[in-house]
Every structure is written in structure tokens, then in C-alpha cells.
Amino acid sequence: MRLYAVVAAGGFRRYATYRTATAAGVFTNTVFGFIMAYTYIALWDVRPQLGGYDTSQALTYVWLGQALLMSSALMGGGFESELVERIRTGDIAVDLYRPVDLQLWWLAADLGRAAFHLLGRGVVPMFLGALAFDLAFPGSLWTWPAFLLSVFLGVVVSFAIRYLVAMSAFWLLDGAGAMQMAMLAGLFFSGMLLPLNLFPGLLGEVARALPWSSLLQVPADVFLGKHTGWGLVQAYVFQAGWAVVLLGAGRLLQTAATRRVVVQGG
Amino acid sequence: MAESVAVRADGEEHEPVGFAFEDRPRPLEGVRAYGLIMAMWVRSTMAYRASFAMTLFGNLAVTAFDFVTILLMFTHVDALGGYALPEIALLYGLSSTAFGVCDLLLGSMDRVGGRVRDGTFDTLLVRPVPVLAQVAADRFALRRLGRITQGLLVLGYAIVTLDIAWTPLKMLMLPMTVLSGAAIFGAVFIAGAAFQFVAQDASEVQNSFTYGGTTLLQYPPTIFAKDLVRGVTFVVPLAFASWLPALYVLGREYPVDLPQWVAFLPPLVAAGACALAGLAWRAGLRSYRSTGS
């Protein structure tokens with residue numbers, strides 16, 4: 001357990017090293033936040049209460065999206081390109097020799113990364129957004145830890161999806177296609193472009209049931225106080241359920257894949 | 001890799017290496033080098049056809065989602081900022097196509113910072129080829145045709161569904177806007193690359209103006225704060241890449257008070273922006289100091 005804590009801390013420090021890049025990223029998150037905020041204002045001007053949000057809740061949703069974009073890796077990124085590269089070059093054989101669990105190792109590193117991105121890339125855009133727009137912050141102090149737990153579960157689901165994508169490289173060798181498809185799905189079905197409760201009919205129902213909704217839609221709704229009491233428990237169960245299923249699938253795929261690995265000379 | 005191709009191409013023409021580029025004026029030399037490097041990357045991409053097909057589709061789909069978002073918005077409303085869907089489609093199509101052309105030609109300019117940091121930028125300096133051409137053609141990605149295709153499809157949809165009296169002038173405005181728009185975005189890319197000589201890790205800042213700019217221009221100017229509209233009109237002249245000429249075509253008022261002839265200025269603005277970006281690039285290149293190790 002201590003080992004994984006150290007790995008997580010390493011993941012945090014690794015991303016914390018690039019301060020200029022972080023500042024540049026914050027700038028970009030803020031610019032996109034402003035652009036999206038104005039489009040949402042135009043939309044909610046015509047249809048107040050659209051999707052059950054009032055205008056300030058809709059704007060809060062925009063800035064939550066910018067705050068979680070990197071942390072929950074909504075568009076992918078983080079570790080999978082590195083893991084794919086290790087699979088392609090065969091370095092993975094060395095990893096499999098190590099007396100640590102492959103999946104937990106990468107999960108720990110990704111949690112460290114997510115923690116840094118939440119602080120480094122999440123807090124400042126949210127703060128700047130709050131300066132420029134009237135945002136709906138939680139009325140109750142308890143909403144904050146509830147939100148953070150939901151974000152944590154979302155990051156685990158996000159990791160589990162990206163781990164599956166990386167595992168596909170054992171068969172495909174080139175992970176670019178799979179990563180791009182995962183990026184598309186993440187962008188659209190997390191609710192990054194538009195809240196999922198604005199998706200019409202069947203598309204909306206499917207989108208809300210898919211794992212990607214755990215990444216942004218569910219944490220945002222927890223933040224906005226849409227899930228309370230029993231509903232909050234259900235939201236957690238939804239996220240944790242997907243996390244368990246997808247992590248399990250990743251483990252199965254890993255077992256199947258490691259049987260295939262043939263290391264040259266051995 | 002680029003070197004070996006250049007040498008081989010030179011060899012075919014039986015010219016001594018090193019002199020091949022010197023008997024032409026510099027801009028032409030740059031274009032020729034760009035073409036050679038581009039052809040090399042296209043050949044290398046085509047070695048993995050299935051992967052290319054997938055990434056081409058992905059490139060088309062990822063930009064298409066922007067438009068799907070707008071379509072989803074229009075399932076709830078009839079107009080956004082007072083603009084109907086075909087009108088927004090025109091803004092979207094112009095902005096997306098112009099940006100797509102620029103992204104295809106200069107899309108790898110954000111790699112300058114990385115090259116400065118890891119020292120591979122020096123390699124570009126010792127080759128007898130204009131550095132800007134090498135940087136611009138670096139990793140030329142044919143998959144970026146996806147964005148242009150998607151932009152053109154939306155533009156076509158707008159032209160078919162728009163209910164306006166088309167005059168020859170208005171029709172000429174469209175290609176003029178796309179070409180000038182691509183040049184204006186190009187100036188932003190080059191200025192951004194120049195900035196990376198100063199701040200190597202800050203390449204993402206450029207995304208705010210390029211990707212952010214094209215996203216901004218996809219929506220009508222009426223929905224944004226006046227100061228933001230003024231900013232993209234007078235400071236970073238992105239408004240000339242779609243809004244101003246498109247609003248003339250649509251017969252709409254621009255939220256910032258400007259005379260109507262401003263709609264015909266994009267080519268001039270593009271030329272000015274490119275000249276300034278060129279100066280910035282030269283200044284950046286001159287200030288470059290190798291790590292020396």
C-alpha cells in the first residue's frame with residue numbers, strides 16, 4: 001500500500017514540474033470557459049430552466065467542465081500513450097517482471113496526476129470564472145466532500161476506460177486509432193460539450209447510462225446539489241459500479257494479453 | 001529523414017547538394033522545401049493506410065461534434081443570439097474551413113517549443129532550407145483534411161438552406177473569406193510559434209487563439225461580451241476570418257459599430273497580420289540560443 005502511495009506522489013510531482021505548461025493550460029481552460037459560458041448564456045436566455053438548470057447553474061457547469069477536463073482526462077491523455085508505447089516496444093515485459101501489480105501501479109500514478117490537475121488546472125479557472133460570472137456554489141459545506149468523492153470515482157472510471165484502451169495495444173500495436181475513438185467518446189458522452197440532460201430522447205437516456213457520464217455529468221450534478229440523500233448514494237453506486245466493471249474488464253484483458261507476450265530470447 | 005529525401009530529390013536532378021536551393025529566390029525555395037517535406041510525410045503516412053483512414057475519420061468526427069452540439073442546442077431553441085441555424089451554419093462553415101486549411105498547412109507549429117527544449121531545433125538550423133518551411137511542414141498530417149471536409153459540408157448546408165438574395169459579390173465573399181481567414185489563422189500560428197522561443201512550455205497558449213478562435217467564430221458575435229468582440233476585431237483580428245464578411249453576406253449588423261466596407265478588408269488584414277507574424281518569427285528565431293550541450 002505504501003508503495004502505491006509513493007507512486008501516486010510521484011505522479012503528482014511529475015506533472016507539477018512543468019509550471020509554465022500548467023500556466024499556459026490554465027489560460028487556455030479559461031479562454032474556452034469564457035467562450036462556452038457565453039454560448040450557454042445565449043441558450044439559457046431563450047430557454048431558462050433548460051435541463052433543470054438555471055443560468056447560474058449552467059454557467060457553473062461550464063466552469064466545472066473546464067476544471068475537470070484535465071483531472072478526469074475527459075479527452076484522454078495522462079498515461080495511456082506511455083503504456084501503449086511500452087507495449088509496442090516490448091518494455092512491458094520488464095514491467096510484468098516487477099513485484100507490483102501492473103494495473104494498480106498505473107492507477108496510483110494516474111490518481112497522483114489527477115490530484116495535481118485538479119489543483120493546478122482546476123482551481124484557478126474556476127476562480128476566474130467565478131470572478132466574471134455569477135456561479136452557483138454549494139450552499140452546504142457537506143457538498144464539497146461529496147463532490148470530491150464523486151470526482152475521485154469519476155477519475156477511477158476514466159482510468160479504467162483508458163486502461164482498456166491501452167490494453168488494446170497488445171493486439172493492435174498502434175494505439176492511435178483506439179485512443180482517438182476513446183477521446184471522441186469521452187468528449188461527447190461525458191457532457192463536456194453540452195450537459196447530458198439536454199440530449200434528446202433515447203440518445204439522452206443512453207448517454208446518461210454510459211460510463212462516461214461518471215466523468216463530468218455526475219460530479220457536476222453532485223456539485224449543483226441535484227443528487228442529495230438517497231439520490232447521492234445512487235449516483236455513487238452508479239459510478240462505483242462502472243469502476244468495478246471496467247477495472248475488472250481491464251484485468252481480464254491484461255491476463256489474456258500477458259499470456260500472449262513473448263519476450264525475445266526467453 | 002527529411003535530409004535524406006532532400007538529398008535524393010537533389011540527386012535525381014543531378015545538382016550538387018547544397019547548391020540545389022540557392023539558385024531560386026528565398027520564398028520559392030521555402031515553398032519547394034515545404035513541398036518536399038510534405039510529400040515525405042504523406043508517403044510515410046500512407047505506409048499505414050488503415051491507421052490513416054481511422055485518424056482521418058476521427059479528425060472529421062471530432063470537429064463534427066462541435067456542430068452536433070449546435071444541432072443539439074437547436075433541438076431546444078429556434079434561434080441563438082437572434083441567429084437561425086442556417087446563419088450559424090454559415091459562420092461555422094466559414095470559420096471551420098478557413099481554420100482547417102490553415103491547420104493542414106501549419107498545424108505542427110506548436111512543436112517548436114518542444115524542439116527548442118529537446119535540442120532538435122538545431123538540426124533545422126543547419127539544413128540549407130528556410131527554417132519556417134521546415135517547421136511548418138514538420139509532421140505534415142493529411143488526416144487534417146477531415147476538418148476541411150466537415151467545414152465544407154456545413155458550408156454547403158448553409159448555402160443551400162440560407163434564404164438570402166445571392167449576388168455575385170456575396171458569392172465571391174465566401175472563397176475570399178476562407179482564404180483570408182486561413183491566412184489570418186496562419187499568422188496566429190506563426191506568431192504563436194515565435195512566442196515559443198521565449199516560453200517553450202507555453203505552446204498551449206496558442207490553442208486559445210487557434211482552436212479557441214475558431215470555436216468563437218462558429219457562434220454569432222451577438223452572444224459575446226462587447227469587449228471580447230472588440231478584442232478579436234482590433235487586437236487579434238480573428239473577426240475578419242469569418243464574422244465581418246459573413247455578416248455582410250447575411251445582411252446583419254455587427255455589434256461593434258464599424259462602417260460596412262470593413263467587410264471587404266479581410267485580404268488586407270490577412271496580409272498585415274502575416275507581415276507582423278513574419279517579423280515576430282524573425283525576432284524569435286534571432287533570439288534563439290541553443291542549449292549548447
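**Reading a two-chain helical model**

Me: How many of the eight residues of helix H12 (residues 243-250) of chain B are buried?

Reply: Six of the eight residues are buried, so helix H12 of chain B, residues 243-250, is mostly covered; the cut-off behind that word is 20 or more other C-beta atoms within 10 Å of a residue's own. Please keep in mind throughout that this is a predicted model. The buried residues of H12(B) are Trp243(B), Leu244(B), Pro245(B), Ala246(B), Leu247(B) and Val249(B).

Me: What covers the buried residues of H12(B), and which residue takes a positive phi just after H12(B)?

Reply: The cover includes four helices of chain B, namely H4 (85-106), H9 (168-198), H10 (203-217) and H13 (266-287). Just after H12(B) comes Gly251(B), whose phi is positive, at about 65 degrees.

Me: How should I read chain B as a whole, and how many helices and strands does chain B have?

Reply: One begins with the secondary structure and then turns to overall dimensions. Chain B has 13 helices and zero strands, and its C-alpha atoms fill a box of roughly 60 × 40 × 35 Å along the principal axes. For 293 residues a compact globule would have a radius of gyration near 19 Å, and the 21 Å of chain B agrees with that. Buried residues come to 41% of the 293 in this chain, while residues 24 or more positions apart account for 85% of its contacts with a separation of 6 or more.

Me: And what does the secondary structure of chain A come to?

Reply: Chain A comes to 12 helices and zero strands. Its radius of gyration is 19 Å, close to the 18 Å that the globule rule gives for 266 residues, so chain A is as compact as a globular protein of that length. The box filled by the C-alpha atoms of chain A, again along the principal axes, is roughly 65 × 40 × 35 Å. In chain A, 50% of the 266 residues count as buried, and residues 24 or more positions apart account for 80% of the contacts with a separation of 6 or more.

Me: At what angle do helix H7 and helix H12 of chain A pack?

Reply: The reading takes an angle, a distance and a handedness in turn. Helix H7 of chain A (residues 143-167) packs against helix H12 of chain A (residues 230-260) at about 25 degrees, and their axes are 9 Å apart. Because angles under 35 degrees count as roughly parallel, H7(A) is roughly parallel to H12(A).

Me: Turning to the two chains together, how many residues of chain A are in contact with chain B?

Reply: The size of an interface is often given as the accessible area lost when the parts come together. Here we can count residues instead: 31 residues of chain A are in contact with 29 residues of chain B. On the side of chain A that touches chain B, helix H2 (19-46) and helix H9 (176-189) of chain A each supply at least two residues, and H2(A) gives the most, with 15 residues. By class, that side of chain A has 23 nonpolar, six polar and two charged residues.

Me: Which residues of H2(A) meet H10(B)?

Reply: An α-helix has 3.6 residues a turn, so residues three or four places apart point the same way. In this case Ala21(A), Ala24(A), Gly25(A), Phe27(A), Thr28(A), Val31(A), Phe32(A) and Ile35(A) of H2(A) meet Glu204(B), Val205(B), Asn207(B), Ser208(B), Gly212(B), Thr215(B) and Leu216(B) of H10(B). By class, the residues of this contact are eight nonpolar, six polar and one charged. The angle between H2(A) and H10(B) is about 15 degrees, with 8 Å between their axes; the two helices are therefore roughly parallel to each other, and H2(A) passes H10(B) in a right-handed crossing.

Me: Is Thr28(A) buried or exposed, and which residues does Thr28(A) touch?

Reply: Thr28(A), found in helix H2 of chain A, has 23 other C-beta atoms within 10 Å and is buried. Leaving aside residues up to four places away in sequence, Thr28(A) touches Glu204(B), Val205(B), Asn207(B) and Ser208(B). As a check on separation, Thr28(A) and Tyr61(A) are 33 residues apart in sequence and 17 Å apart in space, C-alpha to C-alpha.

Note on methods:
Residues numbered from 1 in each chain as written. Chains lettered and ligands numbered in written order. Predicted model: local features only at pLDDT ≥ 70, side-chain atom pairs only at ≥ 80, totals over all residues. Contact = placed C-beta atoms within 7 Å. Nonpolar A, V, L, I, M, F, W, Y, C, P; charged D, E, K, R; others polar. Axes fitted to C-alpha atoms, helices over the stretch in contact; angles between N-to-C directions. Parallel < 35°, antiparallel > 145°, perpendicular 65-115°, else oblique. Rg over C-alpha atoms; globule rule 2.2 N^0.38 Å. Buried ≥ 20, exposed ≤ 12 C-beta atoms within 10 Å, placed from the backbone. Left-handed = near helix turned anticlockwise from the far one by under 90°.
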